[in-house]
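Here are my notes on this model, as numbered points. Please read them with the structure open.

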Amino acid sequence: MLDVDHPPVWAGEAASSVGHDYRSNPYDLEKLSQRLANARDLLRYATYNVSLGDKIRLLSLLDEYGPMSIKDCAPSIQNTSDPIGSIASMVLQRIVEMDLDDEPIGPDTRISRV
């Protein structure tokens with residue numbers, strides 16, 4: 001089991017007594033807050049369908065040029081009126097990835113292939 005912040009001593013001992021590993025991993029709450037805000041923005045696209053052509057075009061672009069900003073990737077999405085929604089959906093499907101921790105998702109957010 002993994003816990004956030006500072007667990008009581010007895011928690012680790014109790015986990016060990018039944019054969020489980022127990023570690024504490026303190027998180028920066030400010031970064032966690034930004035990650036949650038970005039995740040909330042992405043989740044509205046969880047059921048968004050992306051065409052195979054758009055997936056292939058974006059992945060080909062990333063293969064050729066490496067990580068790129070959203071504003072540079074968006075023109076490769078052609079089969080929808082919402083290219084940002086397509087990119088968000090591909091992030092949720094783990095086809096591409098972006099940093100969700102440091103700042104709000106914006107035009108300069110970098111997209112890379114998983």
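1. **Ser 89 and its partner.** The side chains of Ser 89 and Gln 93 are joined by a polar contact of 2.8 Å. A polar contact here is a pair of N or O atoms within 3.5 Å; within protein, one must be able to donate a hydrogen and the other to accept it, and residues adjacent in sequence count only if both atoms are side-chain atoms. Ser 89 sits in helix α5. Ser 89 is buried, at a relative accessible area of 1%. The cut-offs are under 20% relative accessible area for buried and over 50% for exposed, with partly exposed in between (1.4 Å probe, protein chains only). Neighbours within four places in sequence aside, Ser 89 is in contact with Tyr 45, Tyr 48 and Val 50. Contact means heavy atoms within 4.5 Å.

2. **Ground rules.** The model is predicted: local features need pLDDT of at least 70, side-chain atom pairs count only at pLDDT 80 or more, and totals for chains, interfaces and linings use all residues. Residues are numbered from 1 along each chain as its sequence is written, and side-chain values use heavy atoms, with hydrogens and water left out.

3. **Overall layout.** The protein has five helices and five strands. From the N terminus, the elements run β-α-β-α-α-β-α-α-β-β. Helices (H or I, at least four residues) and strands (E, at least two) are DSSP runs, numbered from the N terminus. Of the 114 residues, 32% are buried. Take the contacts between residues at least 6 apart in sequence: 52% of them join residues at least 24 apart. The accessible surface is about 7600 Å², and 53% of that belongs to carbon and sulfur atoms. Areas come from the Shrake-Rupley method with a 1.4 Å probe; for residues, only the protein chains shown count as cover.

4. **Ser 86, also in α5.** Ser 86 is placed in helix α5. Ser 86 is buried, with a relative accessible area of 1%. Residues up to four places away aside, Ser 86 touches Tyr 48, Val 50, Ile 77 and Thr 80. Ser 86 and Asn 49 are 37 residues apart along the chain, yet their C-alpha atoms are separated by 7.3 Å.

5. **The tyrosine pair.** How many aromatic pairs are there? The count is one. The ring centres of Tyr 45 and Tyr 48 are 5.8 Å apart and the planes are at 80°, so the pair is edge-to-face. The rule: rings of Phe, Tyr and Trp (its six-membered ring) pair if their centres lie within 6.5 Å; planes under 30 degrees apart are stacked, over 60 edge-to-face, and the rest tilted. Tyr 48 is partly exposed, at 23% relative accessible area.

6. **Nonpolar core.** The largest nonpolar core has 20 residues, and Leu 58, Ile 87, Val 96 and Ile 111 have the most contacts inside it. α3 (52–65), α4 (70–73) and α5 (83–92) each supply at least two of its residues. Such a core is a set of buried Ala, Val, Leu, Ile, Met, Phe, Trp, Tyr and Cys residues joined through side-chain atoms within 4.5 Å.

7. **Asp 54.** Asp 54 lies in helix α3. Is Asp 54 buried or exposed? Asp 54 is buried, with a relative accessible area of 1%. The Asp 54 side chain reaches the backbone nitrogen of Asn 79 at 3.2 Å. Neighbours within four places aside, Asp 54 is in contact with Ser 76, Ile 77, Gln 78, Asn 79 and Thr 80.

8. In helix α1 (residues 9–17), Ala 11, Gly 12 and Ala 15 are buried. They cover an arc of only 95° around the axis, which puts them on the same side of α1. The arc is that of the directions from the helix axis to the C-beta atoms. The face turned away from the buried side carries the exposed residues Val 9, Trp 10, Glu 13 and Ser 17. Just after α1, Gly 19 takes a positive phi of about 85°.

9. **Arg 94.** Arg 94 has a positive phi, near 60°, and is not a glycine. Most residues other than glycine have a negative phi. Arg 94 is in the loop between α5 and β4 (96–97). Arg 94 counts as exposed, at 69% relative accessibility.

10. **Pro 107.** Pro 107 is in the loop between β4 and β5 (110–113). Pro 107 counts as exposed, at 53% relative accessibility. Neighbours within four places aside, Pro 107 is in contact with Ser 69, Ile 70 and Lys 71.
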